[in-house]
Amino acid sequence: MNTAPPPTPTRTSPDQLSIPPDGRPYHDQPQWRNDFPIDWPQDEFVARRDFTKFLVLTSFAFVVGQLWIVVENFARKRKGLPPVKRIASAEAIPVGGSLVFSYPEPHDTCIVVRAGAQQYFAYNQKCTHLSCAVIPDLAHGRFHCPCHNGSFELRSGIPIAGPPRRPLERILVEIREGDLYATGREVRA
Amino acid sequence: MKRAMSRKQKTTIVYGILSIVVMMVVLQLWLLTATMNAFLAGQERVIIPAAVASIICFACNGGLLTYIYRMERR
């Protein structure tokens with residue numbers, strides 16, 4: 001029977017405040033003992049190192065986001081010009097009235113307002129702030145976003161009040177043989 | 001022969017690296033929001049340069065993190 005006493009633990013470095021049970025220095029210890037230290041200075045080092053690691057992971061996430069924008073931009077370019085699409089009969093919208101339609105995809109809701117006999121203004125209905133639907137307010141010559149009280153000028157679509165900073169996406173419209181057609185869209189800065 | 005760094009010295013270096021990494025991550029956040037804004041406004045010119053800048057920031061961050069791990073093993 002072995003009755004020899006265990007070796008007396010000793011410090012091997014001034015950095016080593018506590019001594020592992022087997023007395024060996026920390027670089028000979030299993031990895032988990034280094035990753036979960038009990039000494040306050042070592043714990044501070046590991047905590048900052050792991051926080052840096054987390055930030056580098058966040059940095060990677062930002063790179064993924066940037067690359068996603070590149071891919072989306074490429075896909076948008078490949079789509080090319082939107083099609084020409086009939087909205088309604090030009091006379092179906094009374095002066096001062098409006099009509100909601102989809103263009104170019106079914107989920108892209110747009111709105112056309114007839115301000116005068118031959119004056120039609122069409123925009124994507126999504127507010128450029130947080131994508132709420134804008135409502136025409138002809139009495140004040142504007143589109144109003146009820147979510148955050150944003151306003152856009154009726155004739156140009158530029159933001160005039162509230163949080164939006166970008167103008168509404170303009171839909172180009174034409175009258176052809178008495179019918180109103182959407183012929184393109186204009187994304188503006 | 002190089003003397004091994006003390007724990008205190010290593011912690012100071014980690015703090016320095018952490019500060020640089022924080023600044024670069026904030027820069028990347030700004031780049032991402034600015035690029036998204038430009039993309040939604042139909043401006044395509046900035047998209048590729050911003051992506052390249054973000055990748056460079058990430059490469060620097062990764063290099064600094066690798067340095068921390070190498071330093072720890074010394």
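How many helices and how many strands are there in chain B? I looked, and chain B has 2 helices and 0 strands. I take helices (H or I, at least four residues) and strands (E, at least two) as DSSP runs, numbered from the N terminus.

I note that the model is predicted: local features need pLDDT of at least 70, side-chain atom pairs count only at pLDDT 80 or more, and totals for chains, interfaces and linings use all residues. Residues are numbered from 1 along each chain as its sequence is written, chains are lettered from A and ligands numbered from 1 in the order in which they are written, and side-chain values use heavy atoms, with hydrogens and water left out.

**Chain B**

The C-alpha trace of chain B spans about 60 × 20 × 15 Å along its principal axes. I find 35% of its 74 residues buried (under 20% relative accessible area; exposed is over 50%, partly exposed in between, with a 1.4 Å probe and protein chains only).

**Nonpolar patch**

Which residues make the nonpolar surface patch of about 470 Å²? I list Phe51(A), Phe54(A), Leu57(A), Val22(B) and Val26(B). Helix 2 (40-79) of chain A and helix 1 (7-40) of chain B are the elements that give two or more residues. Helix 2 of chain A gives the largest share, 3 residues. Patch residues have over 30% relative accessible area and no salt bridge; like charges are joined within 9 Å, nonpolar side chains (Val, Leu, Ile, Met, Phe, Trp, Tyr) within 5 Å. A salt bridge is a side-chain nitrogen of Lys or Arg within 4 Å of a carboxyl oxygen of Asp or Glu. Areas come from the Shrake-Rupley method with a 1.4 Å probe; for residues, only the protein chains shown count as cover. I picked out Val22(B), in helix 1 of chain B. Val22(B) is partly exposed at 34%.

**Backbone in chain A**

Most residues other than glycine have a negative phi, and most peptide bonds are trans. I then looked for exceptions. The bond from Tyr103(A) to Pro104(A) is cis, with omega near -10°. Pro104(A) sits in the loop between strand 2 (98-102) and strand 3 (109-116). Ser131(A) has a positive phi near 70°. Ser131(A) is partly exposed at 46% relative accessibility. Asn149(A) has a positive phi of about 60°. Asn149(A) is exposed at 52%.
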